[in-house]
Amino acid sequence: MVDYDTQRANEETREAWNRNASFWDARMGEGNDFAEILILPAVERLLAIKPGERVLDVACGNGLTSRRLAAWGAQVVGVDFAEEMIAHAIARTREHCDRIEYHVLDATDEAALLTLGERQFDAALCNMALFDMADIVPLTRALTRLLRPGGRYVFSVLHPCFNNPHVVQMA
Ligand SMILES: C[S@@+](CC[C@H](N)C(=O)[O-])C[C@H]1O[C@@H](n2cnc3c(N)ncnc32)[C@H](O)[C@@H]1O
């Protein structure tokens with residue numbers, strides 16, 4: 001059962017990302033130095049995608065990582081709970097369209113995640129998003145059923161020195 005505070009935090013986060021979607025998309029585009037130099041080489045090495053593998057991209061944002069995974073030959077399902085982000089992801093996806101599908105889906109909703117199909121994924125990615133989620137237990141639990149035996153789950157988060165209560169500005 002989801003408590004009121006968690007539900008409210010989740011809704012506030014979704015509203016914030018919907019409001020920020022165009023700004024994020026304009027700034028991030030198809031990647032910046034932070035993503036391309038610091039984050040994605042390590043993430044992609046750990047994921048070790050083989051062509052044809054099915055990969056779940058959790059909190060895919062404007063689809064940057066989904067498109068990169070599809071370019072590696074993966075069959076990608078990108079999900080994000082901000083419909084404005086998914087709209088940008090769809091608008092940007094002009095190549096490998098047969099290898100990427102996007103869904104508006106809340107990663108704190110275990111039942112919704114499981115509608116993607118049990119044992120359907122060889123790997124899952126959650127790039128720079130876990131720290132935004134009001135509750136990460138439903139996703140972690142769902143992944144144990146969404147991934148095939150031996151499946152990989154790779155996530156990246158900011159180091160706590162950059163993301164902690166002291167750097168959050170309260171309204
Ligand atoms: C910092 S962006 C990262 C986007 C993308 N993973 C990337 O690397 O470019 C965080 C994303 O997490 C998404 N997000 C946050 N909480 C979520 C949730 N509960 N379910 C699905 N998406 C969520 C936001 O909408 C946003 O698109």
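How many other C-beta atoms lie within 10 Å of H96, and is H96 buried, exposed or partly exposed? The legends below take this residue first; the model they describe is predicted.

**View 1. H96 in the loop between α4 and β3.** The loop that holds H96 runs between helix α4 (83-92) and strand β3 (100-104). H96 has 17 other C-beta atoms within 10 Å and is partly exposed. A residue counts as buried at 20 or more such atoms and as exposed at 12 or fewer, so H96 falls in between. The phi angle of H96 is positive, about 55°, although H96 is not a glycine.

**View 2. R119 in the loop between α5 and β4.** R119 sits between helix α5 (110-114) and strand β4 (121-127). R119 is not a glycine, yet its phi is positive, near 55°. R119 has 11 C-beta neighbours inside 10 Å. The limit for an exposed residue is 12 or fewer, so R119 counts as exposed.

**View 3. The buried side of helix α6.** Helix α6 spans residues 137-146, and its buried residues are P138, L139, A142, L143 and L146. These residues lie on the same side of α6 because they cover an arc of only 130° around the axis. What do they pack against? The buried residues of α6 pack against strand β1 (54-58), helix α5, strand β4 and strand β5 (147-156).

**View 4. The face of α6 turned away from its buried side.** This face of the helix carries V137 and T144. Both V137 and T144 are exposed.

Key: Residues numbered from 1 in each chain as written. Predicted model: local features only at pLDDT ≥ 70, side-chain atom pairs only at ≥ 80, totals over all residues. Helix = DSSP H or I, 4+ residues; strand = E, 2+ residues; numbered from the N terminus. Arc of directions from axis to C-beta. Contact = placed C-beta atoms within 7 Å.
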